[in-house]
Amino acid sequence: MTRKILSKFIAPAALAGLAAVPATLLAQASAPANPFGIPDSVTIFGSSNPNVRTATAIVNDFVITGTDIDQRVALVTAAAENQVSEEELNRLRRQVLRNLIDETLQIQEAENLELPVDQAEVDQTYAQLAAQNFGQDPGAMDSYLRSIGSSPQSLKRQITGELAWQRVLRRNVTPFINVSEEEVKELIERLEASRGSEEYRLGEIYLSATTENRDAVRQNAQQIVEQLQQGGSFVAYARQYSEATTAVVGGDTGFLRLATLPDTMSEAARQMQPGQLVGPLEIPGGFTIMYLIEKRQVLTADPLEALLSLKQISISFEPGMSEADAAAKVEQFGTFVQGLRGCADAETARTAVGATVVSNEQIPARQLPQQLQNIILDLQVGQTTPPFGSIEDGVRVLMLCGRDDPQVDSGPTVETMMAQIEDERINKRAQRYLRDLRNDAYIEYN
């Protein structure tokens with residue numbers, strides 16, 4: 001239940017109950033009069049009611065307070081590794097206010113369409129997020145949110161907005177999106193013709209812009225990039241800033257072909273390496289910030305999807321061991337490893353060189369450190385990587401004991417491709433829908 005609904009139904013009942021009781025009786029029912037010896041006449045310094053928060057904006061009679069903004073800002077800044085500057089914090093507050101206004105409009109539109117979000121669904125989604133991040137102690141997320149200056153209510157409000165907007169789109173947008181089977185089949189034929197070319201999985205933060213606010217939006221986007229470069233969470237910033245429908249999933253576009261992107265994005269993505277951030281890039285309708293999550297070849301097996309059976313053979317060093325003695329031990333370890341005749345032989349390392357041997361039967365290649373991925377994938381069963389590590393952390397090798405290669409991708413089905421096209425068109429319609437809600441809204445700023 002939103003704060004608006006609470007104030008409408010709970011507060012009047014509470015006030016009515018107090019009005020029926022004489023003030024003298026309330027005083028008599030309390031503790032002994034004036035136990036602290038406080039004078040009858042006092043001067044109040046500062047706010048007379050610290051629980052009152054002045055409104056920052058009123059959206060169709062719904063109040064957005066400074067506390068609402070502070071708690072939502074805390075969700076974003078908590079992910080940043082470096083301290084946020086005062087200038088960046090002020091800009092972030094302005095952006096968060098815009099997000100809260102849009103969120104309020106989305107919730108109000110769902111209510112106007114008699115599609116209110118059930119509180120039980122919000123609580124269930126919140127509990128799922130808590131379980132994902134805090135395991136068997138979901139209540140720990142409540143404490144965490146309060147510790148960073150936010151609150152469970154703030155996150156639940158954001159969840160409510162996302163669920164409400166999904167309901168609105170399902171009612172007023174999705175039924176009117178038409179994709180013909182013929183155009184889908186044509187796209188699949190083109191996809192088959194591009195077999196072996198690369199697909200890209202991107203993170204995106206899209207900010208719409210007009211001729212009037214283009215420079216301001218570009219500046220905002222540039223400041224977001226600077227925060228991300230300093231360690232800010234791309235997922236958190238995408239959820240708070242991006243105006244694309246992918247904001248709900250932290251900006252993750254899934255795998256796509258460059259031909260489906262605007263030319264500016266396509267050219268930039270082609271030059272990117274996984275983990276690289278670029279932007280802001282000007283595209284039709286605004287600006288985008290891109291992060292390359294990973295890339296693969298179209299309709300071909302992705303080697304990084306291979307499931308590996310590995311043995312890790314490692315040695316450690318006693319504190320204070322000299323560099324010469326450590327180097328000799330590493331050389332002895334390397335010579336021993338080269339003489340191993342397969343995985344069954346690896347266990348002898350325990351007694352021969354005092355090594356620790358650990359097995360892992362089902363580890364995806366992509367979960368290995370990037371420097372090791374190509375080395376491992378080039379090994380034959382029974383072969384090992386070169387020794388790696390340090391005196392502080394220990395030196396180790398990985399031995400390949402088995403490998404299940406991924407199946408060749410047969411390509412998307414008509415249903416999958418149709419869903420992808422529908423999502424793209426829903427995204428465009430949703431942006432126009434929200435612009436119309438902003439234009440029709442009564443918004444007062446304080």
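# Exercises on Charged Pairs in a Predicted Model

R201 and D252 form a salt bridge in which the closest N and O atoms are 2.5 Å apart. The pair joins distant parts of the chain, for R201 belongs to strand 3 (residues 198-208) and D252 to strand 4 (residues 252-257), 51 residues apart. The structure is a predicted model, and the exercises below examine this pair and others.

**Exercise 1.** Determine whether R201 and D252 are buried, partly exposed or exposed.

*Solution.*
Step 1. The relative accessible area of R201 is 24%.
Step 2. The relative accessible area of D252 is 22%.
Step 3. Buried means under 20% and exposed over 50%, with partly exposed in between.
Step 4. R201 is therefore partly exposed, and D252 is likewise partly exposed.

**Exercise 2.** State where K185 and E181 lie, and describe how their side chains pair.

*Solution.*
Step 1. Side chains of opposite charge can pair when their charged atoms come close.
Step 2. K185 forms a salt bridge with E181, and the closest N and O atoms are 3.3 Å apart.
Step 3. Both residues are located in helix 8 (residues 181-193), where they are four residues apart, about one turn of the helix.
Step 4. K185 has a relative accessible area of 42% and is partly exposed. E181 also has a relative accessible area of 42% and is partly exposed.

**Exercise 3.** Identify the elements that are linked by the salt bridge of R425 and E183.

*Solution.*
Step 1. The side chains of R425 and E183 meet in a salt bridge, at 2.9 Å from N to O.
Step 2. R425 is part of helix 16 (residues 414-440), whereas E183 is part of helix 8; the two residues are 242 residues apart, and the pair links distant parts of the chain.
Step 3. R425 counts as partly exposed at 31% relative accessibility. E183 is partly exposed, with a relative accessible area of 24%.

**Exercise 4.** Give the number of salt bridges in the structure, and name the residues that a network of salt bridges links.

*Solution.*
Step 1. The structure holds 17 salt bridges.
Step 2. A network of salt bridges links R214, D215, R218 and E282.

**Exercise 5.** Which residues gather in a patch of positive charge on the surface, and how accessible is K428?

*Solution.*
Step 1. The patch of positive charge on the surface is formed by K428, R429, R432 and R435.
Step 2. K428 is found in helix 16.
Step 3. The relative accessibility of K428 is 56%. Exposed means over 50%, so K428 counts as exposed.

**Exercise 6.** Classify S154 as buried or exposed, and list its contacts beyond its neighbours in sequence.

*Solution.*
Step 1. S154 is found in helix 7 (residues 152-172).
Step 2. Its relative accessibility is 7%. Buried means under 20%, so S154 counts as buried.
Step 3. When neighbours within four places in sequence are left aside, S154 is in contact with Q71, R72 and L75.

**Exercise 7.** Describe the chain as a whole by its elements, its buried share and its contacts.

*Solution.*
Step 1. The chain contains 16 helices and eleven strands.
Step 2. The chain has 446 residues, of which 39% count as buried.
Step 3. Consider contacts between residues at least 6 apart in sequence: 73% of these join residues at least 24 apart.
Step 4. The accessible surface of the chain comes to about 25700 Å², and carbon and sulfur atoms account for 51% of that surface.

Technical notes. Residues are numbered from 1 along each chain as its sequence is written. This is a predicted model: local features need pLDDT of at least 70, side-chain atom pairs count only at pLDDT 80 or more; totals for chains, interfaces and linings use all residues. Side-chain values use heavy atoms; hydrogens and water are left out. A salt bridge is a side-chain nitrogen of Lys or Arg within 4 Å of a carboxyl oxygen of Asp or Glu. Buried means under 20% relative accessible area, exposed over 50%, partly exposed in between (1.4 Å probe, protein chains only). Patches are made of residues with over 30% relative accessible area and no salt bridge: like charges are joined within 9 Å, nonpolar side chains (Val, Leu, Ile, Met, Phe, Trp, Tyr) within 5 Å. Accessible areas come from the Shrake-Rupley method with a 1.4 Å probe; for residues, only the protein chains shown count as cover. Lys and Arg count as positive and Asp and Glu as negative; His and the chain ends are not counted. The place of a charge is taken as NZ of Lys, CZ of Arg, CG of Asp or CD of Glu. Contact means heavy atoms within 4.5 Å.
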